Amino acid sequence: MSVKFYRPEHQVPLEMHKVRIVQKLFLPTVEERVEKINEAGNNTFLLQNKDVFLDMLTDSGVNAMSDLQQASMLQADDAYAGSETCNRLKKALHEVFGTEYFLPAHQGRACENILAEAYVKPGMIVPMNFHFTTAKAHITRVGGEVIELVSESGLEPQNDNPFKGNFDLDRLRELIDTRRKDIAFVRIETGTNLIGGQPISMANMKAVCKMCREAGIRTVIDASLMQDNLYFVKVREPEYKDVSLKDIMHEIADMCDIIYFSSRKLGFSRGGAIITKHEPTYRELMEFVPLYEGFLTYGGMEVRSMEAMAQGLYETLDMEVISQGPIFIEYLVKELDDYGVPMIKPAGGLGAHINASAFLEGMPHNEYPAGALAAALYIAGGIRGMERGSISEQREPDGTERYAELELLRLACPRRVFTLSQIKYCADRVKWLYDNRDLIGGLEWVEEPSVLRFFFGRLKPKGDWQQRLAKKFREDFGDSL
Ligand code: F0G
């Protein structure tokens, strides 16, 4: 942060923006919260937004837009073909990434669908630092397999390696040596979602891309969380301290073959894009856009979102814009860590991540500690987090459970949405829950879909722990909400 406070011990993250449109919030009583979470099958995806006080489910499609983004939406040129909006977006992508070719898609997973359809055949593998749910679902749907190569530290909650999203380069080398022909592409997630928004360093990205280029293997960067990753490269990788964000973006685009992203995250908008510098790659992927998405000028996106994306991408090159998320997350992680709450450290992008296995020590995977903690936090504070643990995994083809390596409760911090007092409230309720963790029990399935079960699945508490938790809340907080 560039602004320092007079009394350093009172340093807090400072918003470099002001709020000009607000939305009223509502906080149900603790008794209502127990009711609502059960109506939602103890799945925070199924809660109604009107019943949620702080929506920390995701940073996807819920980031605050800037005044200039809002203004840009008014000039949207709504033509099926030859739209000026499309030209403006192409120009923004070219300036921000330095790429020539652009394929529009309605969101990130639509890009993943196209890439899987185009490149993954049954029996093929897709090595990556870590999977993301939708990327994996598309790859496995067409018969491919995901191989995770994240460095060991990435899976160690308290390891303070600043780049826990890095690849284990030895394992990548070995895989290339033994299975080069089976590799559809190597996917690099810049900002690893499921292991706590942990970044990957430029040095590691460069090494991966170089190794792949020499072996004739395609590299695909998932840049959905790139804005946070860029911030971490600037502040944690000394060689890049004085390099401009634009130059870093261009260097990234130079080293890989394809970049795709969800603009629900990168660019503070909606939609998605696949971009590349290689014409043959563009041509190879092009045919899928009209088939699945829409004409090449919009690919399923609404023109106003495309205008907002273009403006949002330019704003991504401003350190004061992209730092707001990470510095708020860092504040929340520190507050909780100082109190003894087991957090994923160092603080990453996207949100703060609580290590639910350590928070609910002794609770087995099959009682879904991360899901139980998500339900408990909604009861404690009307806060909607997201389970990122075993419920977010899918069963093996033979029906056995595949338990997650990390059982996390993610508290996403949509960019520029929450005030510092709301973040402090969140920390307060998590601390209370930590002091009352003995009251939290497990969950069991009531309805379990076979694909992406975390979206629609319904669970119920084992026993009456939720009523006991609400009762303790009343004892401690009186008639407070
Ligand atoms: N890749 C990453 C790293 C993501 O975080 C996401 C979405 C996608 C791809 C898919 O993009 O939603 O536009 O289709 N992450 C959201 C989340 C859903 O809540 O973390 P999408």
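In this report a residue is called buried when its relative accessible area is under 20%, exposed when that area is over 50%, and partly exposed in between, with a 1.4 Å probe and protein chains only. The structure is a predicted model, in which local features need pLDDT of at least 70 and side-chain atom pairs count only at pLDDT 80 or more, while totals for chains, interfaces and linings use all residues. Residues are numbered from 1 along each chain as its sequence is written, and side-chain values use heavy atoms, with hydrogens and water left out.

## Cysteines

Cys426 has a relative accessible area of 0%, and is therefore buried. Cys111 likewise counts as buried, because its relative accessibility is 0%. A disulfide is taken to be a pair of cysteine sulfur atoms within 2.5 Å, and a search of the whole structure finds zero of them. For Cys111, the nearest cysteine sulfur belongs to Cys256 and is 14 Å away; for Cys426, the nearest cysteine sulfur is that of Cys413, at 7.3 Å.

## The ligand and its surroundings

A residue is near a molecule if one of its heavy atoms lies within 4 Å of it. There are 17 residues around the ligand, and those that come nearest are Thr58, Arg109, Asp222, Ser262 and Arg410. With Ala, Val, Leu, Ile, Met, Phe, Trp, Tyr, Cys and Pro counted as nonpolar, Asp, Glu, Lys and Arg as charged, and the others, Gly among them, as polar, the shell holds two nonpolar, eight polar and seven charged residues. Helices (H or I, at least four residues) and strands (E, at least two) are DSSP runs numbered from the N terminus, and helix α4, residues 108–119, gives the most to this shell, with three residues.

A polar contact is a pair of N or O atoms within 3.5 Å; within protein, one must be able to donate a hydrogen and the other to accept it, and residues adjacent in sequence count only if both atoms are side-chain atoms.

| Residue | Distance to a ligand oxygen atom |
|---|---|
| Ser262 | 2.6 Å |
| Asn193 | 2.7 Å |
| Lys265 | 2.8 Å |

Taken alone the ligand exposes 470 Å², and the protein buries 96% of that, with accessible areas coming from the Shrake-Rupley method with a 1.4 Å probe and, for residues, only the protein chains shown counting as cover.

## Backbone features in loops

The peptide bond that joins Lys345 and Pro346 is cis, with omega at about -5 degrees, and Pro346 is found in the loop between α14 (324–339) and β9 (351–355).

Asn42, a residue other than glycine, has a positive phi near 55 degrees. This residue has its place in the loop between α1 (30–39) and β1 (54–55), and Asn42 counts as buried because its relative accessibility is 4%. Phe268 is not a glycine either, yet its phi is positive at about 50 degrees. The loop between β7 (258–262) and β8 (272–276) holds Phe268, whose relative accessible area is 1%, so that this residue is buried.

Glu287 lies in the loop between α10 (279–286) and α11 (288–292), and its relative accessibility of 56% is why it counts as exposed. Although Glu287 and Ile114 are 173 residues apart in sequence, their C-alpha atoms are 9.4 Å apart in space.

## Aromatic pairs

Rings of Phe, Tyr and Trp (its six-membered ring) pair if their centres lie within 6.5 Å; planes under 30 degrees apart count as stacked, over 60 as edge-to-face and the rest as tilted. The structure holds 17 aromatic pairs. Phe45 and Phe454 form a tilted one, with 5.6 Å from centre to centre and 55 degrees between the planes. This pair links distant parts of the chain, since Phe45 is in the loop between α1 and β1 and Phe454 is in helix α18 (residues 453–456), 409 residues apart. Phe45 counts as partly exposed at 22% relative accessibility, whereas Phe454 is buried, with a relative accessible area of 3%.

The rings of Tyr80 and Phe295 have centres 5.2 Å apart and planes at 20 degrees, so this pair is stacked. Tyr80 is in the loop between α2 (67–73) and α3 (84–97), and Phe295 is in the loop between α11 and α12 (303–315), 215 residues apart. Tyr80 is exposed, with a relative accessible area of 54%, and Phe295 is partly exposed, at 34%. Finally, ring pairs link Phe45, Phe454, Phe455 and Phe456 into a cluster.
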